[in-house]
Amino acid sequence: MGFEKNMGSLPRDVVPRGSTRRRGHSKNWSSQRVRIFDTTLRDGEQTPRVFLTTEEKLTIAKALDELGVDTIEAGFPISSRGEREAVKQIAHARLNAEICGLARTDTQDVEAVLDCDVDLAHIFIATSDIHLKNKLKMKREEVKSRAVSSIEYAKSHGVKVEFSCEDATRTDVNFLKEMCIAAQDAGADRINLPDTVGVSSSSKMSNIIKEAKKVTSIPLSVHCHDDLGLAVANSLAGVRAGARQVEATINGLGERAGNAALEEVVMALEILEGIQTQIDTRKLNQVSRLVSRLTGIQVQPNKAIVGENAFAHEAGIHAHGVLEAPSTYEAMSPDIVGKSTDIVIGKHTGKHAVKNKFDVYGFKLDDEQLKQALEQIKGLANANKHITDDDLIAIGWNLIGKVPNEKRRLRLDECTVLTGLNLTPTATIAITLNGETKRYSQVGVGPIDAAVNALKSIAAEGVAMEEYKLNAITGGADALCEVTVKLKGKNGKAPIAIGRSVKPDIVLASVEATVEALNRLLMTREDK
Ligand code: KIV
Ligand code: ZN
């Protein structure tokens, strides 16, 4: 049965879609750049065991919009009432990106997409013989006629249409070209040629784009799956052959082994091909983390661009190189994608990395101390211990101890705290800074906060508390407590300084540790 017959039974108002919203990115089909069609919320959500609520989809859609994707495929409206609601809300969220919904060449599917007020209907039908025979049980002519009818129907309702030949890379190339011509003649605005099963080589992908280009004049798009780990490479091959749009997902989420990872496609296009996209690459890491958190799919540490280890270096030779000139071992500057270089201390660490870490903490180690620190670190690492910042601080502290007396610019003279029920915790601190005595009172959410606030207001302009850690060393109400504080310049650039104090009084331990850290910070600044 032809598709038009189905349509005939469904009279509906013809309403131009998407005309009330501004869609900044969607019009841009310049030959200088490649459009990014994000399908995290559709193909990405098809990742086994992933489910997103409407609210979560909306949060991700807003983040994708800020990232600068050209199109957001918001979902597959026919699949459930909830999905339809989510797509509709995204379409009404006044985003810049073009909003798209997916439909098979079925009446109800296209209707469901139109109901969501999207800008673009993404209509697909399989075109490979293997799908025609085993899944659709249709002849080629029927497939073509369904595609044509559904494209014409969607177009007559004022939406743009992207048409996809599912399993394009396994489709007979002559039939693929016939389908492309038919889709273009029916009014499709662009044609997508997916490697649905992720089995194409890059040369095959390149070839089908070139063949499709011979018979069409509308833009072509690629959509590659990663079953052989080639999704990004095949997407690039498609672009080199003339595709003007790449479909991708954040973190490479998607059916089975996933889709081409958006962050990898974008960076590879920029770095290898010199092709710009509209993506604000500095937001890539943040969006990757958001998607990982909301989908519950963790990003593997060695994942390109956004993995935890993507810019981490442990081996001595590498860390040394990166500390001298990052380009020795980094493919791009990490800040371009919102990350930073991480020098990891472990079994393979060399002295340059250790020195750099201790410098950052404000511990000035001489050559002999550095040698001892390295020995202790290797000893811990060889005992299979993961070396944390706390381990390094303990090692540094044992080697150099407190700031020497002659270098102390700050001295704590007095500290009084008042706290109780129905009383705002207040602290008064007196200190001597560079020989001058100062006194100040401050309030806080508790006595420690009040005391540290008082101290900061006298002596620590532009300094922020990066971390505060409290450990009870002994048990009982009279336990000794150990306080470690890490301070950092508010601009994030000044070195971290560490202070530590052990006392039975938790407030005094906190104040002393902060004074120690401030002395170290002042000493480090002076030494520069
Ligand atoms: O992989 C695929 O073929 C798809 C289509 C719906 C475009 O996801
Ligand atoms: Zn897909």
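Lys-155 counts as partly exposed in this predicted model, since its relative accessibility is 28%. Its side chain forms a salt bridge with Asp-189, with the closest N and O atoms 2.8 Å apart. Because Lys-155 lies in helix α6 (residues 140-156) and Asp-189 in the loop between α7 (173-186) and β6 (190-195), the pair ties together parts that are 34 residues apart in sequence. Asp-189, at 25% relative accessibility, likewise counts as partly exposed.

A search of the whole structure finds 38 salt bridges, and the bridge between Arg-190 and Glu-162 is among them, with its closest N and O atoms 3.7 Å apart. Here Arg-190 belongs to strand β6 and Glu-162 to strand β5 (residues 160-166), so the contact ties together parts that are 28 residues apart in sequence. Arg-190 is buried, with a relative accessible area of 2%, and Glu-162 counts as buried at 0% relative accessibility. Both residues take part in a network in which salt bridges that share partners join Arg-35, Glu-98, Lys-160, Glu-162 and Arg-190.

Another bridge brings together the side chains of Lys-57 and Glu-83, at 2.8 Å from N to O. This pair links distant parts of the chain, with Lys-57 in helix α2 and Glu-83 in helix α3 (residues 81-91), 26 residues apart. Lys-57 counts as buried at 1% relative accessibility, and Glu-83 counts as buried at 10%.

| Salt bridge | N to O distance | Separation in sequence |
|---|---|---|
| Asp-189 and Lys-155 | 2.8 Å | 34 residues |
| Arg-190 and Glu-162 | 3.7 Å | 28 residues |

Asp-43 lies in the loop between β1 (35-38) and α2 (54-67), while His-225 lies in the loop between β7 (220-224) and α9 (231-241), so the pair ties together parts that are 182 residues apart in sequence. Asp-43 counts as buried at 3% relative accessibility, and His-225 counts as buried at 4%.

On the surface, Asp-366, Asp-367, Glu-368 and Glu-375 gather in a patch of negative charge. Within this group, Glu-375 has its place in helix α14 (residues 367-382). Is Glu-375 buried or exposed? Its relative accessibility is 54%, and because exposed means over 50%, Glu-375 counts as exposed.

Two loop residues call for a note on backbone geometry. Asp-117, in the loop between α4 (107-115) and β4 (120-126), has a phi near 60°, a positive value in a residue other than glycine. Asp-117 counts as partly exposed, at 24% relative accessibility. Asn-251 is found in the loop between β8 (245-248) and α10 (262-273), and its phi, near 65°, is again a positive value in a residue other than glycine. Asn-251 is buried, with a relative accessible area of 12%.

Conventions: Residues numbered from 1 in each chain as written. Chains lettered and ligands numbered in written order. Predicted model: local features only at pLDDT ≥ 70, side-chain atom pairs only at ≥ 80, totals over all residues. Heavy atoms only, no water. Patch = residues over 30% accessible without salt bridge, like charges linked within 9 Å, V, L, I, M, F, W, Y side chains within 5 Å. Areas by Shrake-Rupley, 256 points an atom, 1.4 Å probe, with all protein chains shown as cover. Salt bridge = Lys/Arg side-chain N within 4 Å of Asp/Glu carboxyl O. Lys, Arg positive; Asp, Glu negative; His and termini not counted. Charge placed at Lys NZ, Arg CZ, Asp CG, Glu CD. Helix = DSSP H or I, 4+ residues; strand = E, 2+ residues; numbered from the N terminus. Buried < 20%, exposed > 50% of the residue type's maximum accessible area, 1.4 Å probe, protein only.
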